[in-house]
Amino acid sequence: LKLKMEADRLAAETGALLLDILGDVDKAWVDSIYEQDFTDFNNLAPQRPALVATTTTDDDDDVTALNQSLIELCEMISKWITIHQGEGVVGTPPPSHTHTLWSTIVNKGLSYKSLVAVLFTYMIEGFRSTDSSCVSLGTQLEAVGACRVYLMLLQTPGNGAFNIFHPVVYEQCFQISKLWPTVTNERSKKESSSCVRRDGSSSLSQTDDGATTATLQHHITQFMVTFQTFVEKFSLTGSPQSLTQTVHWLSAVTRLAPDRPPYTLNTLAQLSYTSLHTLITSPDTATVKLVLKSLLPNMLLLSGCENTDRVNINVDQALVLTQLQCIQFIQHLTTATHAVCECVYIFLQHTAVRVVDRTEHRTRTTQGIVAVLSSLPDSLQQRYTTWLTHLTQHSKSLRRSISVDIITSWLLTLTHTHT
């Protein structure tokens with residue numbers, strides 16, 4: 001009875017909030033988006049509900065009415081998930097003896113397709129490149145909120161019956177990393193001219209206001225927390241391409257440089273690594289290999305999310321921290337099965353033959369290889385040193401010298417260990 005009363009109250013609140021957000025969305029517009037499979041969205045005029053259209057964003061107030069509504073909707077969906085916790089697997093219909101989020105949507109005469117289409121609208125508008133348009137902080141926060149709501153919907157029991165998951169919408173969430181303020185972005189802000197929107201106000205992308213940057217970082221971190229719970233509850237095995245994109249994106253997020261001390265990268269990267277670890281808990285080693293391959297730039301001290309082949313002349317603190325966290329993550333993996341350790345062994349081979357030919361890169365990468373090698377079983381350590389011995393005869397001088405560096409460092413480690 002108590003559960004039913006709670007569900008009744010939550011259904012009323014959720015229905016009222018959804019009516020505010022979706023009450024005036026044109027069905028034909030929604031149908032057009034689905035007919036084009038979300039791939040030709042730019043040719044459709046975006047629809048923003050009256051709640052948004054009548055709301056003006058004050059520069060001193062980051063949270064628009066829509067943004068606040070999206071935050072409240074996340075909280076309500078979380079309560080729905082709690083109510084049905086343990087009632088079944090995500091994607092299967094929840095029990096029929098009480099209200100559900102999906103029955104609430106249907107009973108209010110609303111469309112789940114409209115909700116997904118509108119959320120996609122907010123993502124598109126908030127993730128526009130600042131090279132082509134200036135996007136306000138409020139719009140960016142709405143995009144982050146829309147991503148959170150969408151992932152929460154995918155965690156809600158019964159979502160599978162409504163086909164809420166769509167690869168294009170899901171992968172649009174990955175654009176959120178573009179909003180994370182980096183050192184490069186900060187530099188470009190100071191060098192570029194001020195960007196002015198149609199209403200005459202400056203955009204976030206060109207402001208040096210630390211408070212707005214902190215606000216955006218906070219909301220993105222909250223998204224990462226939501227994403228972590230998403231990968232725990234939603235299986236991507238039925239969508240291999242989305243799984244691959246997820247691994248690549250999470251690995252790229254671990255390489256996002258911290259904006260300023262204290263290093264927010266610790267929190268962001270840790271959430272990413274936790275999500276990666278969740279994805280590779282299955283017996284299949286294919287995902288393990290995919291994750292390790294995507295983390296190769298971390299070990300090699302390469303920078304950048306989009307271009308992982310870019311080499312910094314100097315190894316800064318952010319790169320060192322990124323490599324250290326990667327080493328700790330891989331060392332943790334070696335505590336799993338022998339099959340996973342075999343994958344790590346192969347990863348160390350790839351790392352050795354792709355070391356960057358710069359003094360500091362070589363030194364730190366060699367140290368990283370030795371650190372991970374130390375955590376492998378003795379049999380794999382012996383196999384790796386044998387392989388390194390063969391590598392000393394390679395035709396390329398760089399590979400010969402790298403193999404000698406690793407062997408030397410490994411022998412020193414063994415000497416210190418026995419001492």
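Contact here means heavy atoms within 4.5 Å, and in that sense Leu271 touches Thr221, Met224, Val225 and Gln228, with residues up to four places away in sequence not counted. The model is predicted, with local features needing pLDDT of at least 70 and side-chain atom pairs counting only at pLDDT 80 or more, while totals for chains, interfaces and linings use all residues. Residues are numbered from 1 along each chain as its sequence is written, and side-chain values use heavy atoms, with hydrogens and water left out.

The chain as a whole comes to 19 helices and 0 strands, where helices (H or I, at least four residues) and strands (E, at least two) are DSSP runs numbered from the N terminus. Of its 419 residues, 50% are buried, a term that stands for under 20% relative accessible area, against over 50% for exposed and partly exposed in between (1.4 Å probe, protein chains only). The accessible surface of the chain is about 19,500 Å², and carbon and sulfur atoms hold 51% of that area; such areas come from the Shrake-Rupley method with a 1.4 Å probe, and for residues only the protein chains shown count as cover. Among the contacts in the chain with a separation of 6 or more, 75% are between residues 24 or more positions apart.

Leu271, with which this account began, has its place in helix α12 (residues 265-279) and is buried, at a relative accessible area of 12%.

Leu153 lies in helix α7 (residues 137-155) and counts as buried, with 1% relative accessibility. Leaving aside neighbours within four places in sequence, Leu153 is in contact with Ile77, Leu101, Trp102, Leu115, Leu119, Asn159 and Ile164. From Leu153 to Phe230 the C-alpha distance is 9.5 Å, while the two are 77 residues apart in sequence.

Two packed helices are described by the angle between their axes and the distance between the axes. The axes are lines fitted to C-alpha atoms, for helices over the stretch in contact, and the angles run from 0 to 180 degrees between N-to-C directions. Helix α4 (residues 65-83) packs with α7 at an angle of about 15 degrees, their axes being 9 Å apart, which means that α4 is roughly parallel to α7; angles under 35 degrees count as roughly parallel, over 145 as roughly antiparallel, 65 to 115 as roughly perpendicular and the rest as oblique. The crossing of α4 with α7 is left-handed, a term used if the near helix is turned anticlockwise from the far one by less than a right angle, with right-handed used if clockwise. On the α4 side the contact includes Leu70, Cys74 and Ile77, and on the α7 side the residues include Gly145, Val149 and Leu153. By class, this contact of α4 with α7 has 11 nonpolar, 4 polar and 2 charged residues, where Ala, Val, Leu, Ile, Met, Phe, Trp, Tyr, Cys and Pro count as nonpolar, Asp, Glu, Lys and Arg as charged, and the others, Gly among them, as polar.

A second pair joins helix α16 (residues 338-353) and helix α17 (residues 359-373), which pack at an angle of about 165 degrees with their axes 11 Å apart, so α16 is roughly antiparallel to α17. Their crossing is left-handed. Val344, Leu348, Thr351 and Ala352 in α16 meet Thr365, Ile369, Val372 and Leu373 in α17, a contact that has 6 nonpolar, 2 polar and no charged residues.

The contact is made by Leu243, Thr244, Val247, His248 and Ser251 of α11 with Thr287, Leu290, Val291 and Ser294 of α13, and by class it has 4 nonpolar, 5 polar and no charged residues.

Two loop residues remain. Most residues other than glycine have a negative phi. Phe38, in the loop between α2 (27-35) and α3 (50-53), has a positive phi of about 65 degrees although it is not a glycine, and Phe38 is buried with a relative accessible area of 4%. Leu301, found in the loop between α14 (296-299) and α15 (317-333), likewise has a positive phi, near 60 degrees, and is buried at a relative accessible area of 1%.
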